[in-house]
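Please read them with the coordinates open.

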Amino acid sequence: MIVDLQAQIVYGILGLVVLVALGLFFLVPRKPKKPEHTLPDDTTGSTQGAPAPEEPAQDEPPREVPTEPTTRLAKLRNRLAKSNNAMGRGLLALLSRDTLDEATWEEIEDTLIVADLGVDTATELVDNLRERVRVLGTRDLSTVRALLREELIKVVDPTMDRTLRTETGGDEPSVVLVVGVNGAGKTTTVGKIARVLVASDRTVLLGAADTFRAAAAEQLTTWGERVGVETVRGPEGSDPASVAYSAVERGLKDNVDVVLIDTAGRLQNKKGLMDELGKVKKVATRPLGEGHELDEVLLVLDATTGQNGMQQAKVFAEVVNVSGIVLTKLDGTAKGGIVVAVQRELGVPVKLVGLGEGADDLAPFVVEDFVDALLED
């Protein structure tokens, strides 16, 4: 009896303890659980040992890396062979006929004239080729093709110095002036030349002396940024000669290798603008001291303009003493003969050719490669 009473007391105490515990569990407020993946509040400057969030890194604009010169030349030769060999195919088709009569030789001459070779040059080439074929008495196409190649190389003239003069041999920079009419691809050519020079480990500074076309300076600056080259520019409508002067002055101060100066695309029939171009030529090299001349004056010509381009070339040559030709847009046309025509008219060599819109579609002009591409099967 006493034992039962003791057990009841113990059970009663245990039940009371359980009830009290349950009451405390529901009545006492609990600290809310901290959400996962939250950063500490650092508005007071204290994070209790936790690292503060890092600012996002500011990425520099990517710079383009020009292709190696050998790769670029191989690509250009391949493109020229594919896109510009209509002239060569036409000549070889005529020369492979069973009979090379008077009418066939006239067609050969016409093909060369249509290709913008020029009437006198076409006549000279055909006369020489015709005589050699007659003397050898051969009708073998491979032999005739070899003779045609030799005559084409002769008229394109491999003896001309096609070196781009960008080395002065002294402490002052080489100054290159680039001229040409609107639409020939002049500003783009300046950017592409900068790429070629950068690929050859030369330091370059660009001068945006085309101050009349609103987008010209921006376009040139963009080209410079693409290859890590700075551009000197002035306000829109400012004096182009002043910008050219400032570019050369800056190039001398910064000890760069080459200063490339872009100019406005001037129409050959606007005498005032042409006179201003002459002023740019005269003023640009003054920071270098007395007696310094431009190292290179490159005339950019559109290969598709044909004889009209020849007239433009003559006027520019009279004003700025052109030292080299850059022939653009040579792709997609059979008028490769313009190379010969412009060289003979001006007495200066084609130094660079552009075969497309790509950044690396510009390369030194090599006579043998050009002729071989024209005659590619």
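1. Basis. The model is predicted: local features need pLDDT of at least 70, side-chain atom pairs count only at pLDDT 80 or more, and totals for chains, interfaces and linings use all residues. Residues are numbered from 1 along each chain as its sequence is written, and side-chain values use heavy atoms, with hydrogens and water left out.

2. Overall content. The protein has 13 helices and 8 strands. These are DSSP runs numbered from the N terminus (helices H or I, at least four residues; strands E, at least two). Of its 377 residues, 43% count as buried. Buried means under 20% relative accessible area, exposed over 50%, and partly exposed in between (1.4 Å probe, protein chains only). Among contacts with a separation of 6 or more, 76% join residues 24 or more positions apart. Contact means heavy atoms within 4.5 Å.

3. α4 against α5. Two packed helices are described by the angle between their axes and the distance between the axes. Helix α4 (residues 102–114) and helix α5 (residues 119–136) have axes that come within 9 Å and cross at roughly 140 degrees. Axes are lines fitted to C-alpha atoms, for helices over the stretch in contact, and angles run from 0 to 180 degrees between N-to-C directions. α4 and α5 are therefore oblique to each other. The classes are roughly parallel under 35 degrees, roughly antiparallel over 145, roughly perpendicular from 65 to 115, and oblique for the rest. The crossing of α4 and α5 is right-handed. That label applies if the near helix is turned clockwise from the far one by less than a right angle, and left-handed if anticlockwise.

4. The α4/α5 contact. α4 contributes E102, W105, I108, E109, L112 and I113. From α5 come V119, A122, T123, L125, V126, L129, R130 and V133. By class, there are 10 nonpolar, 1 polar and 3 charged residues. Ala, Val, Leu, Ile, Met, Phe, Trp, Tyr, Cys and Pro count as nonpolar, Asp, Glu, Lys and Arg as charged, and the others, Gly among them, as polar.

5. α5 against α6. α5 packs on helix α6 (residues 141–156) at about 150 degrees, with the axes 10 Å apart. This crossing is right-handed too. The α5 side of the contact includes L125, L129 and V133. The α6 side includes L147, L148 and L152. The residues divide into 8 nonpolar, 2 polar and 4 charged.

6. The α5–α6 loop. T138 sits in the loop between α5 and α6. At 14% relative accessibility, T138 counts as buried. Beyond its neighbours within four places in sequence, T138 contacts V133, T143 and V144.

7. Aromatics. How many aromatic pairs are there? The count is 1. Rings of Phe, Tyr and Trp (its six-membered ring) pair if their centres lie within 6.5 Å; planes under 30 degrees apart are stacked, over 60 edge-to-face, and the rest tilted. F365 and F370 form a tilted pair, 5.1 Å centre to centre, with 55 degrees between the planes. F365 is buried at 5% relative accessibility, and F370 is buried at 4%.

8. Backbone check. D157 is not a glycine, yet has a positive phi of about 70 degrees. D157 lies in the loop between α6 and β1 (174–179) and is partly exposed at 22%. N321, also not a glycine, has a positive phi of about 50 degrees. N321 lies between α11 (307–320) and β6 (324–328) and is exposed at 52%.
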